[in-house]
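This briefing covers pockets and salt bridges in one protein model.

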Amino acid sequence: MSSDRALRKQQQLNNLISVVTNLAKPGGIIVDFCSGGGHVGIVLAYTLPSCQVILIENKEESLVRAKQRCDELYLDNVWFIQSNLDYFTGPFNIGVALHACGVATDMVIEHCIKAGAAFVVCPCCYGFIQNTVKCSFPRSKQFNEVLSYKEHMVLCRFADQTAAQLPPERRLIGKQCMGLVDLDRAWAAEEHGYTAQITSMEPESCSPKNNIVVGVPSD
């Protein structure tokens with residue numbers, strides 16, 4: 001990994017860790033969905049030693065790498081589960097996902113809502129969003145009143161136009177479309193009694209996909 005990419009990854013992690021740290025309580029259970037090699041979950045486990053952190057990942061080699069990293073840090077508050085995210089049925093308090101691809105972000109949010117857990121997600125690959133057996137789009141009643149499924153798909157395609165090499169005006173349109181897609185997600189969560197908000201990572205240059213969607217269930 002180049003030094004520039006490492007810096008951007010560190011900035012992404014700093015943003016997510018800051019939000020989760022403010023939500024976490026001692027003894028809480030945090031699930032890092034689509035965890036990969038554990039970049040998010042391991043930092044959370046190190047930062048919040050009083051919490052249990054569960055890494056959910058379907059690739060064995062990624063979990064093996066994460067386990068090695070945890071062993072090197074002598075972390076004893078991390079658990080590893082090789083599974084698709086929707087097969088996980090245990091209780092938890094906060095669900096986290098950094099750049100879960102396309103509809104995987106929506107599956108994480110849905111999983112958190114069913115568990116009554118808070119969620120902190122940074123979506124990615126908006127252009128891959130499409131109806132599935134478990135998720136249909138638009139997500140919220142408000143968006144369904146004004147957008148058809150086809151129109152929502154067009155919105156998602158434009159939301160993917162944020163790469164650094166694109167002209168500034170196209171990146172701006174992409175960022176605005178990202179905001180609309182994530183607003184639909186936030187409003188859908190609010191229909192389930194959540195308080196939801198959308199923020200941007202700082203600096204925004206740390207990733208073309210720099211939105212963070214946070215949802216907290218009502219007490």
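Which residues lie nearest the centre of the second largest pocket? They are Leu 23, Lys 25, Asn 93, Ile 94 and Ala 118, out of 16 lining residues. The model is predicted: local features need pLDDT of at least 70, side-chain atom pairs count only at pLDDT 80 or more, and totals for chains, interfaces and linings use all residues. Residues are numbered from 1 along each chain as its sequence is written, and side-chain values use heavy atoms, with hydrogens and water left out.

**Pockets**
- A pocket is an open set of points on a 1 Å grid over the protein atoms alone where a 1.4 Å probe fits, with protein on both sides within 12 Å along at least five of seven lines; lining residues have an atom within 4 Å of a point.
- The second largest pocket has a volume of about 320 Å³, the space filled by probe spheres set on the points, which are joined across faces, edges and corners.
- The largest pocket holds about 470 Å³ and is lined by 20 residues, with Arg 5, Lys 9, His 39, Leu 98 and His 99 nearest its centre.

**Salt bridges**
- There are six salt bridges, each a side-chain nitrogen of Lys or Arg within 4 Å of a carboxyl oxygen of Asp or Glu.
- Asp 106 and Arg 185 form one of them, at 2.8 Å from N to O.
- Asp 71 and Lys 67 form another, at 3.0 Å from N to O.
- Glu 110 is bridged to Arg 139, with the closest N and O atoms 3.1 Å apart.
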